[in-house]
Amino acid sequence: MACTLLLAMGAPLLLPARFSLGPSWAVPAVLALLLVVIIAIDRGRIDRRSTLGLILSRVLVAVLVVEAAGVSSRLVVDLAQGGPETNSSTELLTNGFLVWFYTIIAFTFLYWVLDGGGPETRYLTPPEFSDFAFPAQLNPGIAPPGWRPEFFDYLYLGFTAATAFSPTDVMPMARWAKLAMAVQAFASLAILGLVIARAVNILQ
């Protein structure tokens, strides 16, 4: 989880300054601070519940989602109105990939933190009905007893939702999960479709 978040911190620093909602270093600094505090509170353990840790985790998710919405909107506006990067296929593809990658990470954390009340709740008191139905939950015979989704499973969920533009093997059951996956699919389709179309036009 921490390694993935570190990658997310690097994306705003690699994007042009106009993509950030403030100084390029502001969001990475906030994410780094939240990560340090969360680790200090939970000490890397999942077998205990911390109200403050849960609140800070949701604040972290909110920061990621707001920044993802900001950079995605900036890219779409640039593509529609002809921003500086739309004249170079290399710069366009680089910025497009970074924005797309950032949205995957943002939605990964959204799914991981909100599903079933959060990772601590899923570990200590597994909900009777999950917000996401993973294959191992639908067919217990294919996984060890007591299997629970971990962070990497949500990262895979975020990646497949961004590439397939629809659920693949993990099914959203809760309404918020369906809405979140629909928003991610739409955002990914808009980013990839517009970036690729513009890049092809530049190369021609």
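What follows is a short chat about reading aromatic pairs and helix packing in a predicted model.

Me: How do I read an aromatic pair, and how many aromatic pairs does a search of the whole structure find?
Reply: You describe a pair of aromatic rings by the distance of the centres and the angle of the planes. Rings of Phe, Tyr and Trp (its six-membered ring) pair if their centres lie within 6.5 Å; planes under 30 degrees apart are stacked, over 60 edge-to-face, the rest tilted. The search here turns up eleven. Take W112 and F151: their centres are 5.2 Å apart and their planes at 90°, so this pair is edge-to-face.

Me: Are W112 and F151 buried or exposed?
Reply: Buried means under 20% relative accessible area, exposed over 50%, and partly exposed in between (1.4 Å probe, protein chains only). W112 is buried at 14%, and F151 is buried at 11%.

Me: Which residues form one aromatic cluster?
Reply: That's F97, W100, F101 and F159.

Me: What about packed helices?
Reply: Two packed helices are described by the angle between their axes and the distance between the axes. Axes are lines fitted to C-alpha atoms, for helices over the stretch in contact (heavy atoms within 4.5 Å), with angles from 0 to 180 degrees between N-to-C directions. Helices (H or I, at least four residues) are DSSP runs, numbered from the N terminus. Helix 1 (residues 2-14) and helix 4 have axes that come within 10 Å and cross at roughly 145°.

Key:
Residues numbered from 1 in each chain as written. Predicted model: local features only at pLDDT ≥ 70, side-chain atom pairs only at ≥ 80, totals over all residues. Heavy atoms only, no water. Helix = DSSP H or I, 4+ residues; strand = E, 2+ residues; numbered from the N terminus.
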